Amino acid sequence: MLKKLFKSFRSPLRRAHQPHSTPHVLNNNQHPIQRGQISRHAISVVERLQNAGYEAYLVGGCVRDLLLGIEPKDFDVATSATPEQVRAEFRNARVIGRRFKLVHVHFGREIIETATFRANHPEGDEQENSNQSSRNESGRILRDNVYGTLEDDAQRRDFTINALYYDPVSERILDYANGMHDIRNNLVRLIGNPTQRYQEDPVRMLRAVRFAAKLDFDIEKHSADPIHDLAQLLAGIPAARLFDEVLKLFLSGYAIYTYDLLVDYGLFGQLFPASAAALRQNPEYTDTLIRNALDNTDLRIHQGKPVTPAFLFAALLWPALPARVIRLQERGMPAIPAMQEAAHELIAEQCQRIAVPKRFTMPIREIWDMQERLPRRSGKRADLLLENPRFRAGYDFLLLRESAGEETGGLGDWWTEYQDASDSDRRVMIRNLSSKDEPGSAPRKRRRSGGGKRKRAPQSGGAGE
C-alpha cells in the first residue's frame, strides 16, 4: 500500500541513517497527507508562527502516523521561535520543562506541543555560570536547551521516521534523514551513531522497542546491535520517568509484541528484575501468566474498555511473589501475614527501579491479598468477600493464575458458580465445603503435568478491574 502511495517518490542512494543538510522535498502530489486529516489548531499554530516570521512545521510522530494511515493522537510543532517568543504569540501558551523546555499551546482540551529547533551539545559544553556539564559520565544528556537550525534539529532527533517535517501551508514534507526510505521498508533506525545516541538517552532503547511494536516494524540491525550490551544504562534513568515509559510500552494495545522485544533485547530484566529472575527459574508458568495478562490488556484496549496499571503490575510481578511467601511461611509466619510481608518487600524493591505511585501499589497488594482470602469460604466469609470492592479484580486474577496452569482445586469455577447462585443454593455450596476445599495458601501450588483441560481466561479481561 505504501509503495503505491509513494510511487512518485524515489530516494537517492544515500545511507539512510546519515543526516544531510539538503532535505529531500516531497510536494503534495508525492505523499498521501491531506490538510483535512490535521487538527485545525495545529495548522493555526504553524500559520501564526510563520506569519510572525518564524519557521514552523508539524514534526515527528504525527507526520509518521499520517504517512502510515494511522490517526495521530496528538500534533507537535517544531519552530525557530524560542519558547519565550512562542509564548508572546499566544495568550493561551505556557512554557514547561527544565531539562527540555517547550511550550504547550492550549485550545480547550487539546494541547499543541511546540518545541524550538534544538542543536546537539558540543563536546565539553557547560552551562553558563555553572560547573555542571550538560552530560554525565556515561554520556547521558542532562540538559537539552541548546537551540539551533532546522537542519540541526533534524540531526539530533532520535529516529529517521521521526525526523520528517510537514508544512501544512505549502503541503510539503522535508526529509533530512531518509525517513521515507525507512517508512517504506518498515524499519526503526537511529540517526547517528547508535551507541552514542543510546548513551545520550538510554530511554531511546525503550522507544525503539515501542515504535517497532506499535508500527510492526523491525529495528534496523545497526540500531539493534548495541541494545543488549547497553541495557544496564537504564539503571541510571529516574524511576518516575521509567514508570511513564512502561505505561506507554504496555498500555497502548500491542503489549505482547512489546514484551517479546523487551525480553529478546535484555531490557525486561532492567525494568522488572525480580520477574526476570522468575522467568529464568520457572519459564513456562511465568511466561504464560504474563502473556495471558498482556493479551487480556490488549483485548480490552482494542475493545475500548478501561484498563488499570494496578492489575498489569500485579500480573507482571506475581511470578516473583510465591517463593517469597513460602520462605516466610517456612519460618513460621502465618499465610496471610506472609503474603502481606512478601508483597511489601517485592513492591518496595520494584519501586526502586520503576516508581509505581501509591494509588497503584495499594490495589496491587489488595489483589494479591485476595488470592489468600478467596480459598477461605466457610461461614459468612464468602458473602463478605463478594462485598469487598476488590473482589472482582481478585477473582479475575484468580482466573488468570488458573489460565497459566495453577491448580487451585476448582476454586475459579466455584466462585463463578457462587456469584450466579441463589441465596439458598449459596447456602448449600457453603455446607458442601469440606476442610480439603479450604487450601491454606494461594502460592502453595502445583502446575498441571499437561494434557488437562485449560482453565478459561479472566471473564472481564482482567486489566480493567
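The legends below describe close-up views of a predicted model.

**Figure 1. Confidence along the protein chain.** The average pLDDT of the chain is 87, and 83% of the residues score at least 70. Residues 1–17 stay under 50, with 39 contacts in the model beyond four places in sequence. Residues 124–133 likewise stay under 50, and the model has 13 such contacts for them.

**Figure 2. The largest nonpolar core.** This core comprises 104 residues, of which Leu58, Phe250, Leu267, Phe272 and Trp368 touch the most other members. Helix H8 (residues 203–215) supplies the largest share, 9 residues. The core lies between domain 1 (22–121 + 142–185) and domain 2 (296–434), because both contribute residues to it. Another core, of 16 residues, lies apart from it and includes Phe391, Tyr395, Leu398 and Leu411.

**Figure 3. Surroundings of Phe250.** Leaving aside residues up to four places away in sequence, Phe250 touches Ala255, Thr258, Tyr259, Leu262, Phe272, Leu294, Thr297, Leu312 and Leu316. Phe250 and Phe272 are both among the core members that touch the most others.

**Figure 4. Helix H2 and its covering elements.** H2 (residues 40–51) has 12 residues and reaches 16 Å from its first C-alpha to its last, close to the expected 16 Å. Its buried residues are His41, Ala42, Ile43, Val45, Val46 and Leu49. Among the elements covering them are strands S2 (56–59), S3 (76–79), S5 (102–107) and S6 (110–116), together with helix H4 (83–89).

Figure 5. Just after the helix, Gly53 adopts a positive phi of about 100°.

Technical notes:
Residues numbered from 1 in each chain as written. Predicted model: local features only at pLDDT ≥ 70, side-chain atom pairs only at ≥ 80, totals over all residues. Heavy atoms only, no water. pLDDT = per-residue confidence, 0-100. Contact = heavy atoms within 4.5 Å. Core = buried A, V, L, I, M, F, W, Y, C linked by side-chain atoms within 4.5 Å. Buried < 20%, exposed > 50% of the residue type's maximum accessible area, 1.4 Å probe, protein only. Helix = DSSP H or I, 4+ residues; strand = E, 2+ residues; numbered from the N terminus. Domains from an automatic or database assignment. Expected span 1.5 Å × (residues − 1).
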